[in-house]
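Student: I've got this protein open in the viewer and I'd like a close look at one single part of it. Could you pick a buried spot in the sheet and walk me through its surroundings?

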Amino acid sequence: MDATAVMSAHQGGGQQAYPSDAEAPEESVDPVAARVAATVEDEVLVIDEQPRYHLLGCRALAAQQTIPLPAREAVELGFTPCGWCNPAAVLGARHPASARR
């Protein structure tokens with residue numbers, strides 16, 4: 001069963017259910033935000049053998065062993081931003097001056 005089916009089947013509580021092994025979708029990234037994420041030293045978190053980088057508190061990190069990295073390094077290593085916590089958008093908003101470089 002995929003994540004969409006799980007979410008559709010979930011009833012009540014306003015909470016969305018996801019299988020524990022569901023991979024986070026990739027964030028649809030604004031090019032300016034992507035450029036910022038590729039240059040800043042803000043800490044993001046990655047999970048070994050998974051392709052996304054995340055912000056602290058992302059639901060994809062629940063019960064996972066994480067590895068902290070500067071956002072710049074995560075991008076250099078080929079990690080892409082998580083579509084649940086939207087780290088590129090958050091970093092772009094946090095560093096508006098970096099976007100103008």
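Tutor: Here is a walk from the whole chain down to one arginine, and then on to some cysteines.

Keep in mind that this is a predicted model. The protein chain has 101 residues, 33% of them buried, and its accessible surface comes to about 6200 Å², with 51% belonging to carbon and sulfur atoms. You'll find 5 helices and 4 strands in the chain, and reading along the sequence gives α-α-β-β-β-α-β-α-α. Of the contacts with a separation of 6 or more, 68% are between residues 24 or more positions apart.

Now for the sheet. The 4 strands make an open sheet with mixed pairing, in the order β3-β1-β2-β4. At the edges sit β3 (67–70) and β4 (80–81), each pairing on one side only. Helix α4, residues 87–94, packs on this sheet and touches β1 (43–46), β2 and β4. The direction of α4 makes about 45° with that of β2. Strand β2 pairs with β4 in the parallel sense, over 2 bridges.

The spot I'd zoom in on is Arg52, in strand β2 (residues 52–54). Is Arg52 buried or exposed? Its relative accessible area is 13%, and the cut-off for buried is under 20%, so Arg52 counts as buried.

What do the polar atoms of that side chain reach? Across the pairing, Arg52 stands opposite Thr80 in β4, and the side chains of Arg52 and Thr80 are joined by a polar contact of 2.6 Å. The Arg52 side chain also reaches the backbone oxygen of Pro25, at 3.5 Å. Beyond its neighbours within four places in sequence, Arg52 is in contact with several stretches of the chain: Glu23, Ala24, Pro25 and Glu26, then Leu45 and Val46, and also Phe79, Thr80, Pro81 and Cys82.

A search of the whole structure turns up 0 disulfides. Cys58 is in none, and the nearest cysteine sulfur to it, that of Cys85, is 3.7 Å away. Cys82 is in no disulfide either; its nearest cysteine sulfur belongs to Cys58, at 3.7 Å.

Methods. Residues are numbered from 1 along each chain as its sequence is written. This is a predicted model: local features need pLDDT of at least 70, side-chain atom pairs count only at pLDDT 80 or more; totals for chains, interfaces and linings use all residues. Side-chain values use heavy atoms; hydrogens and water are left out. Buried means under 20% relative accessible area, exposed over 50%, partly exposed in between (1.4 Å probe, protein chains only). Contact means heavy atoms within 4.5 Å. Accessible areas come from the Shrake-Rupley method with a 1.4 Å probe; for residues, only the protein chains shown count as cover. A polar contact is a pair of N or O atoms within 3.5 Å; within protein, one must be able to donate a hydrogen and the other to accept it, and residues adjacent in sequence count only if both atoms are side-chain atoms. A disulfide is a pair of cysteine sulfur atoms within 2.5 Å. Two strands pair if DSSP finds at least two bridges between them. Axes are lines fitted to C-alpha atoms, for helices over the stretch in contact, and angles run from 0 to 180 degrees between N-to-C directions.
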